[in-house]
Amino acid sequence: MSQGVAKMRRMGDMDVRMFTTAAGQHGLVTVRQLLEIGMSRESVARRRRTGMLRAVRRGVFAVTSHPTTREQSLLAAVLAAGPTAALSHLSAAGLWGLVAPEPGMIEVTTVLERSPRLPGVRCHRSGLLVDLDRTRVRGVPVHSVERTAADLSGRLASDELGRLIDDAIRRRLTTYSRLWRVHERLPRAPGRSPRRFADVLLARTPGLADRESVLEDRVYEVIRAAGLPLPVPQFRITIGGRRRRIDFAYPDQRIAIEVDGYDVHRTRSAFDDDRARGNEIVLAGYRLLRFTSRSTDAEIVDQVRRAIHEFGENAGA
């Protein structure tokens, strides 16, 4: 009897270890992990028969008490592909929440020495993976934003790649220097175009990380394309002891530009605060220009040019 009690106690301990491991992996455990905590293959098979474990992929099980989620499906593919695997390409872009086309199937990348074949999974291999290429998002091993952008550079059109990079920079998920370092390290490969990657990076303009919306990007690009002096994005001034932010400013000419996007002002409090901020900017001695999504490129260029010409001449007065 004592031996049976001891055995049950050991089995209980193994179940605790199994559930603890699964809790940190979206309800998943691998056969290797189960063996490492002391389970035999027969013990694993018994838990499958009793419904405690459910096979998800070869060598990967889900504890049936855990809900099925998108992250669980993604992590199952990564675990099945091996310890060096990570979510990559469009699947990585999707997990990061980047502006990119929806992936047709799960994509993972592993080292050259492995060649996993998984149903519904597109497996890539690379001999140029470094530690900085791999991180975790919501518990799923995934390629970094900059490695993802580089690997998609041959698959996405230039404007698509540009939007992905703009989104990542604005959200501070990466930096231009990190993107350039990955570009310099990775040669041309299937699906990867260093030339297109470089062209898109060269077309990016300074200050993107400081701009808050697609509409702000548009106004900035219109000003740049017209050959006008570039304003300072997210310029901060102190008014009555309170720090206030201006979308764009020409500080020397005391010109402020506010870009009013509807999505930013969907609440009454945000709308009221923006109006008060505009009044304070004017009272601080700035000439205020306002643009919306209905402002045409010609209107933006004309009004900014006239403001620079008129107020620039009077700046020292």
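1. The chain exposes about 17,100 Å², of which carbon and sulfur atoms supply 52%; accessible areas come from the Shrake-Rupley method with a 1.4 Å probe, and for residues only the protein chains shown count as cover. This is a predicted model, in which local features need pLDDT of at least 70 and side-chain atom pairs count only at pLDDT 80 or more, whereas totals for chains, interfaces and linings use all residues. Residues are numbered from 1 along each chain as its sequence is written, and side-chain values use heavy atoms, with hydrogens and water left out.

2. The chain has 12 helices and 12 strands, taken as DSSP runs (helices H or I, at least four residues; strands E, at least two) and numbered from the N terminus. Of its 317 residues, 44% count as buried, that is, under 20% relative accessible area with a 1.4 Å probe and protein chains only.

3. The largest pocket holds about 560 Å³ of space, and of the 23 residues that line it, Thr30, Arg32, Leu79, Gly82 and Pro83 are the closest to its centre. A pocket is an open set of points on a 1 Å grid over the protein atoms alone, where a 1.4 Å probe fits, with protein on both sides within 12 Å along at least five of seven lines; lining residues have an atom within 4 Å of a point. The volume is the space filled by probe spheres set on the points, which are joined across faces, edges and corners. Helix H2 (31-36), helix H4 (70-81) and strand S7 (134-137) each supply at least two lining residues.

4. Arg57 is found in strand S2 (residues 53-57) and stands opposite Val60 in S3. Strands S2 and S3 (residues 60-63) run antiparallel and are joined by four bridges, where pairing requires that DSSP finds at least two bridges between two strands. Leaving aside residues up to four places away in sequence, Arg57 touches Ala76, Ala77, Ala80, Leu118, Pro119 and Val121, a contact being heavy atoms within 4.5 Å.

5. Strand S10 (residues 242-250) is largely enclosed by the rest of the structure, because seven of its nine residues are buried. Seven bridges join S10 to the antiparallel strand S9 (residues 232-239), and three join S10 to S11 (residues 255-260), also antiparallel. Ala249 takes part on both sides, as the bridge partner of Val232 and of Ala256 in S11.

Technical notes: Buried means under 20% relative accessible area, exposed over 50%, partly exposed in between (1.4 Å probe, protein chains only).
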